[in-house]
Amino acid sequence: FSDSEGHNVTSIDISPDGSQVVSSSEDEALRLYDSTDSATIIKTLYAKKYGVSLVRFTHAPGTVVCASRNQWDNCLRYWSLHDNRYLRYFKGHRAEVVGLSVSPKDDYLLSASCDGTCRLWDVRSDACSGFLRLPNKDSRPLIAFDDTGIVFAVATANHTGNGAVIKLFAAADHDRGPFQTIKVPDEKASLATSIKFSSNGKYLLLSGGSNACFLIDSFDSCVVCEYRLPANSSSIITDVTLSPDCKYVIAGSSGSNEAGGSIYIFALGVADGYDANTEGTRIISETVAVHENTHAGPVHGVICSPVTLMVASACRNLNFWIPDLDRLSSR
């Protein structure tokens, strides 16, 4: 889909039932797509006053929550796509909102800002429901709920500049502080721009900003695998997702020189019983498949459908992918 007419797509999300994909782009537009067999655009809405930098589906059908893109407004907006009106504004952040995650099980959402805070919101209320002040306020915080909605992760660059620190919170008792802290000592981890949970909650993926991404065991607090782009590539990984069956790591990248962005697919590479604490982190550079220069620019987002085999990726265009079942059956 090239509906953004050359403007970068800044964010994408897929509905809980996998039937729709929503995107935001630099032309101050939000676009809704049918991601079933018809694969068509449903509607385009504009936010000329505020712009849209991040967008996420909520549980209420036909609604999203989004973050502003302009420099003077740092609030979140609860937006009805059915009748194109804002249902609620969430105000409190004093700098750009750079992270947004919606609980998969209830009406709570989590936001992270360059003001050094994370805030928990209930979409039924204007007031902030929870507040976390981050120890490294100069870091760009990364956030994610797990698939149960019980736990959320907050990642920041280590204040010493050596790697990243991930803290896990119980959503219901976040004010008691993190119940688990995971350190990723690799310097590349401090450059990360994305964190995501696997569908089973066992793994975290920390990615972006370098030629590598990290698979972290959230139970054992260790880095299990490091996935690397080919040594001869000058690209960097921009976003990563795990397939719903937790068998594949799908990474989007920037382009090399003047080339467009690419998609790299790695096998998870973790056998049952593998203990990274004793056996060390596995370095994986062998790919299952590579789709080189398939994007018009750097890949800004990669997501998997929770219910089908579809993958969506975005650059200046939005792409839907499905696996070649004939090739899979021949493996």
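How many salt bridges does the count come to? In this predicted model, the count comes to twelve salt bridges, and the stops below visit some of them.

Select E26 and R69 to begin, where a salt bridge brings the closest N and O atoms to 3.9 Å apart. This pair links distant parts of the chain, with E26 in the loop between β2 (20–25) and β3 (29–34) and R69, 43 residues apart from it, in the loop between β6 (63–67) and β7 (76–80). E26 is partly exposed at a relative accessible area of 30%, and R69 is likewise partly exposed, at 36%.

Next, select K48 together with E28, a salt bridge whose closest N and O atoms are 3.9 Å apart. Because K48 sits in the loop between β4 (41–46) and β5 (54–57) while E28 sits in the loop between β2 and β3, the pair ties together parts that are 20 residues apart in sequence. K48 counts as exposed, with 55% relative accessibility, whereas E28 is partly exposed at 25%.

Then move to D107 and R124, which form a salt bridge with their closest N and O atoms 3.7 Å apart. D107 lies in the loop between β9 (97–102) and β10 (108–113) and R124 in the loop between β11 (117–122) and β12 (128–133), so that parts 17 residues apart in sequence are tied together by the pair. Here D107 is partly exposed, at 28% relative accessible area, and R124 counts as exposed, at 56%.

Note on methods:
Residues are numbered from 1 along each chain as its sequence is written. This is a predicted model: local features need pLDDT of at least 70, side-chain atom pairs count only at pLDDT 80 or more; totals for chains, interfaces and linings use all residues. Side-chain values use heavy atoms; hydrogens and water are left out. A salt bridge is a side-chain nitrogen of Lys or Arg within 4 Å of a carboxyl oxygen of Asp or Glu. Helices (H or I, at least four residues) and strands (E, at least two) are DSSP runs, numbered from the N terminus. Buried means under 20% relative accessible area, exposed over 50%, partly exposed in between (1.4 Å probe, protein chains only).
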